[in-house]
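Welcome! Take a moment to look over the sequence and the 3D view below, and then we will walk through the fold together.

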Amino acid sequence: MGLLEVLAAVGLILPAVLGIAPVLVPLAAVGVMLLMVGAMITHLRRREAKVIVANLAYLALAGFVAWGRFGPESFTG
């Protein structure tokens, strides 16, 4: 799981910084969103409700990146 999170962070940062395949950034953000939904389900099953707040924050941030990159004018300019 930690490896997935590191790869997601690399996928969010490197394509935008290097300018190579910037379409990977929103795809990585969607991957982070799916990872956070899975983390919330796991925390709910383990009755760790306090940790879900952090997962919601990460989910919101990844959603913001995905929405900004997949938005109507994201690939036009």
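Predicted model: local features only at pLDDT ≥ 70, side-chain atom pairs only at ≥ 80, totals over all residues.

Helices (H or I, at least four residues) and strands (E, at least two) are DSSP runs, numbered from the N terminus. Residues are numbered from 1 along each chain as its sequence is written, and side-chain values use heavy atoms, with hydrogens and water left out.

**The overall fold**

The chain has 3 helices and 0 strands, and reading along the sequence gives the pattern α-α-α. Its C-alpha trace spans about 45 × 25 × 15 Å along the principal axes. Of the 77 residues, 26% count as buried (buried means under 20% relative accessible area, exposed over 50%, partly exposed in between, with a 1.4 Å probe and protein chains only). Contact means heavy atoms within 4.5 Å. Among the contacts in the chain with a separation of 6 or more, 48% join residues 24 or more positions apart.

**The core**

In soluble globular proteins, nonpolar side chains tend to be buried together. A nonpolar core is a set of buried Ala, Val, Leu, Ile, Met, Phe, Trp, Tyr and Cys residues joined through side-chain atoms within 4.5 Å. Here the largest such core holds 8 residues: Ala8, Val32, Leu35, Met36, Met40, Ile52, Leu59 and Ala62. Helix 2 (24–45) and helix 3 (52–70) each supply at least two residues of this core, and the largest share, 4 residues, comes from helix 2.

**Around histidine 43 and asparagine 55**

Which residues does histidine 43 contact, leaving aside its neighbours within four places in sequence? They are Glu48, Val51, Ile52 and Asn55. Histidine 43 sits in helix 2 and counts as buried because its relative accessibility is 16%. Asparagine 55 belongs to helix 3 and, not counting residues up to four places away in sequence, touches Met36, Ala39, Met40 and His43.

**Two loop residues with positive phi**

Alanine 21 has a phi near 50°, a positive value in a residue other than glycine. Arginine 47, in the loop between helix 2 and helix 3, is not a glycine either, yet has a positive phi of about 60°.

| Residue | Relative accessible area | Class |
|---|---|---|
| Alanine 21 | 37% | partly exposed |
| Histidine 43 | 16% | buried |
| Arginine 47 | 74% | exposed |
| Asparagine 55 | 6% | buried |

**The largest pocket**

A pocket is an open set of points on a 1 Å grid over the protein atoms alone, where a 1.4 Å probe fits, with protein on both sides within 12 Å along at least five of seven lines; lining residues have an atom within 4 Å of a point. The lining of the largest pocket includes Glu5, Leu12, Tyr58 and Val65. Helix 1 (2–18), helix 2 and helix 3 are the elements that give two or more residues to this lining. Core members Ala8, Val32, Leu35, Met36 and Ala62 also line the largest pocket.
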